[in-house]
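Visitor: I would like to learn how to read the features of a model like this one. Please take them one at a time.

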Amino acid sequence: MIDTILNISIWLVVKIAALILLGIYLVFALVIVRQIKLMTSTLTLGYEGLITFFGYIHLIFAVLAFLAALLIL
Amino acid sequence: MPEIFISDTPDLEKKEDKNLEKAERKIKNEDHDPHHHHGKFSSFRLYPRDIDFETRSDDEKVVLLLRQHFIVNLKWIFIAILMSLVPGTVSMFGILSSLPSGFEIVINIVWYLVTMAYVLENFLSWYFNVYIVTNERIIDVDFNNLIYKRISDATLDNIQDITYNMGGVVRTVFNYGDILIQTASEVSEFDFLAVPEPDKVVKIINDLVPQVK
């Protein structure tokens, strides 16, 4: 069993840690989308559509980063 | 049957409306500043027609929409520009070249992602943290810590004292400062921080207050 543990590459550990962190980041990106929804429902100041769009772009970017880490690392 | 008592409320309402119209004319006439363009990103919007907020009543009219002076954004814009230059600089010096293939790409993607979030958060915080003056009350809208929202308001007739300060070179040059409003309502103090032309804001509120008292 000790052999198995020692054989695990350090990069695999880094990959798992990166995936966990990016998973947490995904939740954060979702919170930003939720926050924008809260802001735009409270105030109508203009450019609500554009701001919501950027919130979703950020979320999509976070999903892509997670997938990139999963596939590339 | 003779009318013994006729309520004079409609007359009072008419008088109040006339007073408010008078105040509006006065405020608009005094605003000759060509810098008061009414773009949506402006920090000082007088009688904006296209804005609305959750708790607005039907007959409530927005007189002034304020947010922090655009100059306060320069710090985070500068940091964001520096952040976006980091991956290029790092790859130029080959700092990440010793990592296994793929790691450099992912690190760069994550770096840009964090930069994007930084810009988005700072912009949202500036754009949506606004101060609103209506013909009935003053409102302070605060969004802090991602999903925390606080809306405080005080009716104009509860305003007791307004002061403003503009200390410092930058604030004097760019004409912005803090306005402190003491009220008799539940929230006893309103701080309009780093708003442009605080002297004009104070004057506008002072013009509105007598109309509702």
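**Reading strands, sheet and contact**

Guide: In β6(B), T155(B) is the bridge partner of R137(B). Bear in mind that the model is predicted.

Visitor: Over how many bridges do β5(B) and β6(B) pair, and in which sense?

Guide: The general idea comes first. Strands of a sheet pair through backbone hydrogen bonds, in either a parallel or an antiparallel way. Here β5(B) and β6(B) pair over eight bridges, in the antiparallel sense.

Visitor: How many bridges join β4(B) to β5(B)?

Guide: Three bridges do, and the two strands run antiparallel. V133(B) has I138(B) in β5(B) as its bridge partner.

Visitor: Is β5(B) largely enclosed or open?

Guide: A residue counts as buried if 20 or more other C-beta atoms lie within 10 Å of its own. In β5(B), six of the eight residues are buried, so the strand is largely enclosed by the rest of the structure.

Visitor: In what order do the strands of the sheet in chain B lie?

Guide: The order is β1-β3-β4-β5-β6, five strands in an open sheet with antiparallel pairing. Its edge strands, each pairing on one side only, are β1 (44-46) and β6 (148-155) of chain B. On average, neighbouring strands of this sheet are turned by 15° against each other, direction ignored.

Visitor: How do β1(B) and β3(B) pair, and which residue stands opposite R45(B)?

Guide: Three bridges link β1(B) and β3(B), residues 62-66 of chain B, in the antiparallel sense. Opposite R45(B) stands L65(B) in β3(B). Helix α5 (residues 198-212) of chain B packs on the sheet, where it touches β3 and β4 of chain B. The direction of α5(B) makes about 155° with that of β3(B).

Visitor: Where is F41(B) placed?

Guide: F41(B) sits in the loop between α1 (9-30) and β1 of chain B. It has 13 C-beta neighbours inside 10 Å and therefore counts as partly exposed. In sequence, F41(B) and Y127(B) are 86 residues apart, while their C-alpha atoms are 7.6 Å apart in space.

Visitor: Now the contact between the chains. How many residues does each chain give?

Guide: Interface size is often given as the accessible area lost when the parts come together. Counted by residues instead, this contact takes 26 from chain B and 24 from chain A. On the chain B side, the elements giving two or more residues are β2 (52-53), α3 (103-128) and β5 (137-144). The largest share, 12 residues, comes from α3(B). By class, this side of chain B has 20 nonpolar, one polar and five charged residues.

Visitor: How does α2(A) pack with α3(B)?

Guide: Two packed helices are described by the angle between their axes and the distance between the axes. For α2(A), residues 10-42, and α3(B), the angle is about 25° and the axes are 12 Å apart. The two helices are therefore roughly parallel. The crossing of α2(A) past α3(B) is left-handed. On α2(A) the contact is made by A18(A), I32(A), I36(A) and M39(A), and on α3(B) by V106(B), A117(B), L120(B), L124(B) and F128(B). By class, this helix contact has nine nonpolar, no polar and no charged residues.

Visitor: Which strand of chain A is joined to β2(B)?

Guide: Strand β1(A), residues 43-44, is joined to β2(B) by two bridges, and the strands run antiparallel. F53(B) in β2(B) stands opposite L43(A).

Conventions: Residues are numbered from 1 along each chain as its sequence is written. Chains are lettered from A and ligands numbered from 1 in the order in which they are written. This is a predicted model: local features need pLDDT of at least 70, side-chain atom pairs count only at pLDDT 80 or more; totals for chains, interfaces and linings use all residues. Two residues are in contact if their C-beta atoms, placed from the backbone, lie within 7 Å. Helices (H or I, at least four residues) and strands (E, at least two) are DSSP runs, numbered from the N terminus. Ala, Val, Leu, Ile, Met, Phe, Trp, Tyr, Cys and Pro count as nonpolar, Asp, Glu, Lys and Arg as charged, and the others, Gly among them, as polar. Two strands pair if DSSP finds at least two bridges between them. Axes are lines fitted to C-alpha atoms, for helices over the stretch in contact, and angles run from 0 to 180 degrees between N-to-C directions. Angles under 35 degrees count as roughly parallel, over 145 as roughly antiparallel, 65 to 115 as roughly perpendicular and the rest as oblique. A crossing is left-handed if the near helix is turned anticlockwise from the far one by less than a right angle, and right-handed if clockwise. A residue is buried if 20 or more other C-beta atoms lie within 10 Å of its own, exposed if 12 or fewer, and partly exposed in between; C-beta atoms are placed from the backbone.
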